[in-house]
Structure formats: C-alpha cells, structure tokens
Amino acid sequence: MSSAPLLLGAILALPFIAAVIVSRVVWPLRTTRILPNRERVVIIGATSGIGLEVARLYAGRHAHVVVVGRRIGLLKEVARQLEPYASSIHPVAGDVTLPEDVRRITIESLQALKGGIDTLIICAGGISVLPFSELAGTDTAGTGAGAAAATTSSLDSSDAIMKLLPGDAQAALDASVRIMNVNYHAPLNLTSHFLPALTQTSIAGNIMVVSSMAGKIGAPTRSIYAASKHAAQGFFESLSMEVERTGVHIGIVSPGTVDTDLRLSAMDLPKSKADDLKERVASGTKKGAMTAWACAEGIVRGSDLQQREVVMPWFYRVSLVLDLVSPWLVRWLAQKKYGYL
Ligand SMILES: NC(=O)c1ccc[n+]([C@@H]2O[C@H](COP(=O)([O-])OP(=O)(O)OC[C@H]3O[C@@H](n4cnc5c(N)ncnc54)[C@H](OP(=O)(O)O)[C@@H]3O)[C@@H](O)[C@H]2O)c1
C-alpha cells in the first residue's frame with residue numbers, strides 16, 4: 001500500500017498539532033506572555049534574606065524592579081549593585097505596617113514603573129522565637145511560696161489568686177499585635193493597594209506571598225508566628241478564588257527553615273533581655289536549612305508557572321500528607337526538632 005495518503009495526512013495534521021502545543025503549552029507559560037525583560041516587579045522586603053535574592057534573580061533577568069524595605073541605606077546599596085543588570089531598578093523606602101507608607105510605596109512604585117505592574121512579591125515578615133509561657137510569664141505564675149497552698153485550700157485568699165496570674169500577659173499581646181501587623185495586616189493592605197493596578201495594567205498579574213511551613217503546621221516556640229502565617233494563608237487562599245476571574249493569580253510560598261538572619265530580629269524579644277536572648281537565638285539550629293538563593297529560585301519559578309502553592313524543600317510536601325494521615329507523627333517530629341519531647 002502506498003504511504004502517500006499517510007504522509008499527506010501527517011503534513012495536514014502538523015499545523016493543528018502546532019496550534020494545540022502553542023495554545024496549551026507555550027501560551028499558558030507566563031514568560032511567553034510577559035517577557036522576563038519586560039516584567040515589572042515590586043519586591044517588598046528586599047534589603048536582606050530571601051527578598052534580596054529574589055531581587056537579584058529578577059535583576060539578572062533584566063526585569064524592571066522596585067525594591068522596598070525600611071533600611072534606606074541598604075536599599076540604595078541593593079539598587080546600586082543591581083543597576084548594571086536590571087532594565088531599571090528603583091529603591092522605595094517605607095514601613096509596610098504603616099498605612100500611610102503603604103499608600104506612598106504604591107504610588108512611588110507605580111510611578112517608577114511608568115504606571116504598571118505585573119508581579120508583586122511580598123517577602124517582608126517578622127518572627128517570634130520565645131516559648132509562649134516564657135513570653136507571657138505563665139510559667140512563673142503559681143510558683144511562689146504560696147503556690148501549693150493556693151492550688152489546694154486557700155483559693156479564696158487574694159494573695160494566692162494573684163500568684164496564679166501570668167507574669168506579663170501584656171508582653172504577649174503586644175508581640176502578637178506587632179507580628180500580626182507585619183505578617184498578616186501588611187500583606188492584606190499591600191494587596192488592597194496593588195490589586196487594582198495588577199488587574200488593570202497586566203495581562204497576567206501575579207501576587208506571590210511568602211508565608212512559611214509554620215502557616216500550615218504549628219511548632220513549639222513559634223505560636224504567635226504560626227498564628228500570623230496561618231492567618232495570611234487563610235486570607236490569600238480565599239482571595240485567590242475571588243480574584244481568579246479578574247486574571248490575577250495568587251501564589252502562597254511555604255518554605256521550611258531558610259538560612260537568613262530572620263531570627264536575629266525576632267519581634268517578641270523584650271528589650272531588656274534582647275542581647276542574651278539574641279545570642280540564644282543565633283546559636284539555635286539551622287540544620288537542614290535551605291539557602292535564601294534556592295528559596296528565591298522557587299519563588300520566581302512559582303511565579304513563572306503561576307503555581308498556587310510552593311512548598312520548599314520538596315520533602316515538606318510529604319509532611320503535609322503525613323499531617324493528614326498521621327498527625328501524631330508530625331506533631332512528634334515538630335516537638336523533637338524544637339526539643340519539646
Ligand atoms: N528564614 C526562614 O527560615 C523563613 C522560613 C519560612 C518563611 N520565611 C519568611 O520569609 C520572609 C522573609 O524572611 P527572611 O528570612 O528573608 O528574613 P530577613 O532577612 O529578616 O528579611 C526580612 C525582610 O523584610 C523587610 N521588612 C521587615 N519588616 C518590614 C516592615 N515593617 N516594612 C518593610 N519591610 C520590612 C526587611 O527589611 P527592612 O528591615 O529593611 O525593613 C527585610 O528586607 C518572611 O516573611 C519570613 O516569615 C522565612
């Protein structure tokens with residue numbers, strides 16, 4: 001039998017196959033629609049750690065980059081270092097926990113990017129490192145001379161009752177407000193401010209928000225931090241469903257431990273104890289930590305592929321599955337990691 005009809009069929013099918021590949025594989029790639037050297041990116045929290053590496057990666061791809069943080073000197077230095085690589089780079093200083101700064105950061109970023117934005121990376125954040133009992137002073141309550149009596153016969157004595165009160169509940173509350181402000185309220189407010197521009201000025205607007213594994217699974221000494229990251233996860237997960245129809249994509253990044261100085265600026269350290277506690281924190285384990293560079297690569301890849309969830313390193317995905325089928329094991333591992341067994 002002649003192979004001519006087969007050959008003719010194959011030739012006729014080629015444009016059809018090419019059209020399917022382009023529409024299903026090439027076009028959905030965000031980097032096809034927004035070329036890396038045209039991408040307009042705002043990175044919140046780019047003076048150090050993960051955000052700085054994200055800025056380096058985008059600059060290396062010749063993107064238009066705005067770097068944001070409070071330390072103006074560092075910001076200028078970052079801009080100076082990355083200027084030879086980026087298509088344009090602009091430092092914008094501000095504190096994202098202050099509403100007036102967020103408004104100004106938005107206006108200045110959009111001005112610098114000539115009225116448009118494609119990608120908002122929210123990296124700024126703060127951590128808590130103290131056991132809650134130590135922070136709130138719940139471990140010292142009831143340990144005074146009258147404690148034993150208070151728990152048995154004389155609960156009606158006001159002295160004994162005073163000994164059952166926490167040492168410093170206000171410190172715990174204050175730390176919680178500070179950490180919620182930077183990890184939850186600031187990302188929420190930044191999103192309110194940048195969302196209209198992402199929707200109206202980009203053909204594929206992206207928000208990548210850096211949460212943490214602590215936003216998925218709690219851990220000892222991380223109670224307030226985990227609460228703030230759980231709040232952010234809940235907010236962005238819900239919002240991503242709302243905004244999908246506007247064409248804006250939201251990705252939530254959940255890294256495990258990353259080798260940065262985050263813990264040195266822990267937001268629950270009382271000023272009086274800051275130095276000795278910082279020493280304790282600095283000497284704590286970062287065993288198995290991923291590098292900030294590897295984490296940044298995961299964030300940029302997640303943005304390019306418009307992934308909804310980026311969990312890093314990969315084996316933490318196993319712990320998410322384990323948490324469903326054997327939560328006791330994950331709990332045991334977390335307690336073991338932080339010395340609570
Ligand atoms: N390191 C880890 O193990 C780890 C693990 C999981 C998730 N994460 C998350 O990754 C993110 C980045 O942390 P990192 O490890 O890279 O720590 P980092 O080196 O301390 O970086 C934090 C960045 O946030 C900025 N920032 C903090 N508060 C700010 C504020 N109020 N306004 C504006 N910028 C602010 C800081 O800049 P300025 O000080 O100049 O303002 C800095 O650029 C955080 O959200 C953190 O929760 C970290």
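This is a predicted model: local features need pLDDT of at least 70, side-chain atom pairs count only at pLDDT 80 or more; totals for chains, interfaces and linings use all residues.
Modeller: Helices, H or I runs of at least four residues, and strands, E runs of at least two, are DSSP runs, numbered from the N terminus.

Colleague: Let us start with empty space. How is it found?

Modeller: Rolling a probe the size of a water molecule over the atoms shows where empty space is left.

Colleague: How many cavities of 30 Å³ or more does the count come to?

Modeller: The count comes to 1 cavity of 30 Å³ or more. The volume of the largest cavity is about 70 Å³.

Colleague: Which residues line the largest cavity?

Modeller: Among them are Ile122, Ala124, Asn183, Pro187, Lys229, Gln233 and Phe236. Two or more lining residues come from each of α9 (169-201), β5 (206-210) and α10. The most come from α10, which gives 4 residues. Sorted by class, the lining has 8 nonpolar, 3 polar and 1 charged residues.

Colleague: And the pockets? What is the volume of the second largest pocket?

Modeller: A pocket is an open set of points, whereas the probe in a cavity cannot get out. The second largest pocket here has a volume of about 200 Å³. It is lined by 10 residues, and those closest to its centre are Arg178, Ala266, Met267, Leu269 and Lys271. By class, that lining has 6 nonpolar, 1 polar and 3 charged residues.

Colleague: Now the ligand. Which residues around the ligand come nearest?

Modeller: A residue is near a molecule if one of its heavy atoms lies within 4 Å of it. Here 28 residues are around the ligand, and Thr47, Arg70, Tyr225, Val258 and Thr260 come nearest. The shell has 11 nonpolar, 13 polar and 4 charged residues.

Colleague: How much of the ligand's accessible area does the protein cover?

Modeller: On its own the ligand has 870 Å² of accessible area, and the protein covers 94% of it. The elements giving two or more residues to the shell are α3 (49-60) and α10 (223-243).

Colleague: Is threonine 47 buried or exposed?

Modeller: Buried means under 20% relative accessible area. Threonine 47 has 9%, so it is buried. This residue is in the loop between β1 (40-44) and α3. Its side chain makes a polar contact of 3.2 Å with the side chain of arginine 71.

Colleague: What should I look for in the backbone angles?

Modeller: Most residues other than glycine have a negative phi, and most peptide bonds are trans. Exceptions are worth a look.

Colleague: Which residues does the cis peptide bond join?

Modeller: The cis bond joins methionine 312 and proline 313, with omega about -15 degrees. Proline 313 sits in the loop between β7 (309-312) and α13 (315-325).

Colleague: What is the phi of histidine 62?

Modeller: Histidine 62 is not a glycine, yet its phi is positive, at about 65 degrees. Its place is the loop between α3 and β2 (64-69). Its relative accessible area is 41%, so histidine 62 counts as partly exposed. Proline 84 is 22 residues from histidine 62 in sequence, and their C-alpha atoms are 9.1 Å apart.

Colleague: Where is lysine 114, and what is its phi?

Modeller: Lysine 114 is in the loop between α5 (99-112) and β4 (119-122). Its phi is positive too, near 55 degrees. With a relative accessible area of 77%, lysine 114 is exposed.

Colleague: One last residue. Is glycine 288 buried or exposed?

Modeller: The cut-off for exposed is over 50%. Glycine 288 has 63% relative accessibility and therefore counts as exposed. The loop between α11 (274-282) and α12 (292-304) holds glycine 288. Threonine 257 is 31 residues from glycine 288 along the chain, with 7.5 Å between their C-alpha atoms.

Definitions and conventions
Residues are numbered from 1 along each chain as its sequence is written. Side-chain values use heavy atoms; hydrogens and water are left out. Accessible areas come from the Shrake-Rupley method with a 1.4 Å probe; for residues, only the protein chains shown count as cover. Ala, Val, Leu, Ile, Met, Phe, Trp, Tyr, Cys and Pro count as nonpolar, Asp, Glu, Lys and Arg as charged, and the others, Gly among them, as polar. On a 1 Å grid over the protein atoms alone, a cavity is a set of points where a 1.4 Å probe fits but cannot get out, and a pocket is an open set with protein on both sides within 12 Å along at least five of seven lines; lining residues have an atom within 4 Å of a point. Grid points are joined across faces, edges and corners, and a volume is the space filled by probe spheres set on the points. Buried means under 20% relative accessible area, exposed over 50%, partly exposed in between (1.4 Å probe, protein chains only). A polar contact is a pair of N or O atoms within 3.5 Å; within protein, one must be able to donate a hydrogen and the other to accept it, and residues adjacent in sequence count only if both atoms are side-chain atoms.
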